[in-house]
Structure formats: structure tokens, C-alpha cells
Amino acid sequence: ENNKFCPRYLHRATQCGTDLTKVILFGGQSRREQFHNDVHFLDLDEKRNPTHALQRLHVKTKLASGEQPLPRCSGSIQTLRVFGKSGLRREVIALFGGSQGYLAGFCNDIVVLQSDVPNEDISTALDKTNVALTWYEPTLVVNGVHGRPAPRWGHATFAWNGKLLVFGGSNTTTCYNDFWECTLKSTDEGNGVCPFAITATWKLLYPMTRRAFVKIPCPRAGATLCVVKDVAYLFGGCR
């Protein structure tokens, strides 16, 4: 029974693989204070999965807490490639932010879901009968001036050129209109470093100054963000 995808809302999904037929779903909320942190896999290839059945993945964890990522809704997950010495490398899934309810608070952690095989794309791991994935916690590289995004939910994200873009969101009392970039980089350069080690570097793109603040979209949560031909498009949202 625990392997089933129970009814919920405010969960998140991302596609991976070159053919985009693999979908990972994470978390969500099913009751007023019941939040989830389970991971499910949907294979849209009709030859491999003719019934479109969801499969719950039993993911291991290497997080400092020793636990799975905190249950949450309205976070974000995106598929992207980490940077390495030779350019873009393995495909991973990044989870950022989300809500555990008004009383429990909001998240601004970033964790990464990876294959257990060094340098293997997560979509390749999903092709195997026994899927082996693990949550890892990147080492944060924080700008001394701007720091990193405040805890939030309902932010808009998009993976572009190996980077995670984050706009806006809310902590229920405040909406944001800051625009962030997070770069994931592999620290394995063949010197005995853990092949799964990653750094996450946050950079505030806008607003850099008080004057710039009035020139960008107004604060909002629940918007959508996409990038087409190196131009970011933001649509909708709630204040």
C-alpha cells in the first residue's frame, strides 16, 4: 500500500533523458498537514510501460541528517547536468525549497538526486530493472554579499545551460521577486575525491541595486518560468 501514489496536490515533476519519456515525481500534500517526500517514476514509453503504471523508487540518502529530504509541497525539481572540468557532465535532478506548512516553515535547501554509478546519467539508471539512486547534499558556495535565496515555496524554476534559475516565491507573509542562478559543479577531478561530490554556487542576478528593484517583475508566487533562445519568460502568479 505504501508503494502507491496517494492522491495529492502541489507535488512536482520533471522529465529526463534525451527522449524526455522518463518522469520523476516528488512530494506534495494530501491533507491539511500531511506532506510527502516519496519519489515515483513514470515511464511514458509504451513498449516498456504499456499501462503507464507509476513505480515508487526506494531512494537511498547521503544527506547530513541521515534522512530523506524533508516532506514538502510547492518546492521545485529540475533535471540538469552538472559542470565538470571538461564541460557539462552527468545528468542529475535538483530539488530546491518548498513548504512544510505554515507552522513548520519553509525550506531553502538544495539536494541532488543521482545515480549510484559514477558519472552515469539518471535517465540511464532509470532504464535498469533495479533502479539505484541516492540523495546527495552539495557543498554550498555562498556569495558573501547576497548569500542565498531565503526559504520559500511557490517559486518558479527552470534548468538552463546546466544552471538552475529561480524566481520569486513566497513565505506566506512575503512574496519575492528576486532572480537567482545556481550552478552545480562536480568536484571529482580524478584526485581521489568522491565521484558524487558536488558544489552548489548561488548568484543573485536581480535586483542587484535598489534602482533595479523597480525594473523587474513584481513579487509573486505560483508563476511559471521558461527559457527560449536564451530569453527568460515569466508568466502569471499570485501576490
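Leu-57 lies in strand β4, which covers residues 54–57 (strands, E, of at least two residues and helices, H or I, of at least four are DSSP runs, numbered from the N terminus). The model described here is predicted: local features need pLDDT of at least 70, side-chain atom pairs count only at pLDDT 80 or more, and totals for chains, interfaces and linings use all residues. Residues are numbered from 1 along each chain as its sequence is written, and side-chain values use heavy atoms, with hydrogens and water left out.

With a relative accessible area of 7%, Leu-57 is buried (buried means under 20% relative accessible area, exposed over 50%, and partly exposed in between, with a 1.4 Å probe and protein chains only). Setting aside residues up to four places away in sequence, Leu-57 touches Ile-24, Val-39, His-40, Phe-41, Leu-126, Val-131 and Leu-133; contact here means heavy atoms within 4.5 Å. The C-alpha atoms of Leu-57 and Asp-38 are 7.8 Å apart, although 19 residues separate the two along the chain.

Leu-57 also belongs to the largest nonpolar core, which has 19 residues (a nonpolar core is a set of buried Ala, Val, Leu, Ile, Met, Phe, Trp, Tyr and Cys residues joined through side-chain atoms within 4.5 Å). The members that touch the most others are Ile-24, Val-39, Leu-57, Leu-113, Leu-126, Leu-133 and Trp-135. At least two residues of this core come from each of β2 (22–31), β3 (34–43), β7 (87–99), β8 (106–115), α1 (122–125) and β9 (133–136). Apart from neighbours within four places in sequence, Leu-126 contacts Cys-16, Lys-22, Ile-24, Phe-41, Leu-57, Val-131 and Leu-133. A second, separate core holds 16 residues, among them Val-82, Phe-96, Val-112 and Leu-204.

What does the protein look like as a whole? It contains two helices and 16 strands. Its radius of gyration is 18 Å, close to the 18 Å that the globule rule gives for 239 residues, so the protein is as compact as a globular protein of that length; the radius is taken over C-alpha atoms, and the rule is 2.2 Å times the number of residues to the power 0.38. The C-alpha trace spans about 55 × 45 × 40 Å along its principal axes. Of the 239 residues, 48% are buried. Among contacts with a separation of 6 or more, 54% join residues 24 or more positions apart.

Towards the surface, Val-228 sits in strand β15 (residues 224–228) and is partly exposed, with a relative accessible area of 44%.
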